[in-house]
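My notes follow in the order I made them.

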Amino acid sequence: AVSPFESIRSGEIASLFARYFDVVTVQNLGGTLQHLLHNGIIHNFAADDAEACAYLKAIYETEDALIDGGLLPSDFQLLIGQRKPA
């Protein structure tokens, strides 16, 4: 409720997109857990730190599995479509 980064109507984007475009593909991008876990701290993980990378990989693989299994929604999506004929 207080975050300036949260859109009040973000839940309507997919349905509005489908109203005006023929959906070609939808790619779930996750973020449901990671966005909360890594918010403001992701810059602390060095790309050359094998242990940190292993933990990060385990987190995103777990999140992906939960989303793919329908147990968790994906907070972020890539929508690709073609304009519907007028």
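**Nonpolar patch.** I started with the surface: β2 gives the most to the nonpolar patch, with three residues. β1 (21-30) and β2 (76-83) each supply at least two of its residues. The members are Val24, Leu29, Phe76, Leu78 and Ile80, and together they have about 450 Å² of accessible area. For the record, patch residues have over 30% relative accessible area and no salt bridge, with like charges joined within 9 Å and nonpolar side chains (Val, Leu, Ile, Met, Phe, Trp, Tyr) within 5 Å. The areas come from the Shrake-Rupley method with a 1.4 Å probe, and for residues only the protein chains shown count as cover. Helices (H or I, at least four residues) and strands (E, at least two) are DSSP runs, numbered from the N terminus.

I picked out leucine 29, which sits in strand β1. Leucine 29 is exposed, at 51% relative accessible area; exposed is over 50%, buried is under 20%, and partly exposed is in between (1.4 Å probe, protein chains only).

**How I read the model.** This is a predicted model, so I kept in mind that local features need pLDDT of at least 70 and side-chain atom pairs count only at pLDDT 80 or more, while totals for chains, interfaces and linings use all residues. Residues are numbered from 1 along each chain as its sequence is written, and side-chain values use heavy atoms, with hydrogens and water left out.

**Aromatic rings.** I found one aromatic pair in the structure. The rings of phenylalanine 17 and phenylalanine 21 have centres 4.8 Å apart and planes at 20°, so I noted the pair as stacked. The rule: rings of Phe, Tyr and Trp (its six-membered ring) pair if their centres lie within 6.5 Å, and planes under 30 degrees apart are stacked, over 60 edge-to-face, the rest tilted. Phenylalanine 17 is buried at 18% relative accessibility, whereas phenylalanine 21 is partly exposed at 31%.

**Salt bridge.** How many salt bridges does a search of the whole structure find? I got one. Lysine 57 pairs with glutamate 61, the closest N and O atoms being 3.7 Å apart. The cut-off is a side-chain nitrogen of Lys or Arg within 4 Å of a carboxyl oxygen of Asp or Glu. Both residues lie in helix α3, four residues apart, about one turn of the helix. Lysine 57 is partly exposed at 41% relative accessible area, and glutamate 61 is partly exposed at 41%.

**Glutamate 63.** This one is in helix α3 (residues 50-68). Glutamate 63 is buried yet has no salt bridge, and the nearest side chain of opposite charge, lysine 57, is 15 Å away. Here Lys and Arg count as positive and Asp and Glu as negative; His and the chain ends are not counted. What does its side chain reach at 2.9 Å? I found the backbone nitrogen of threonine 32 there. The backbone nitrogen of leucine 33 lies 2.5 Å from a polar atom of the glutamate 63 side chain. A polar contact is a pair of N or O atoms within 3.5 Å; within protein, one must be able to donate a hydrogen and the other to accept it, and residues adjacent in sequence count only if both atoms are side-chain atoms.

**Aspartate 49.** My last stop was aspartate 49, in the loop between α2 and α3. Its side chain reaches the backbone nitrogen of glutamate 51 at 3.1 Å.
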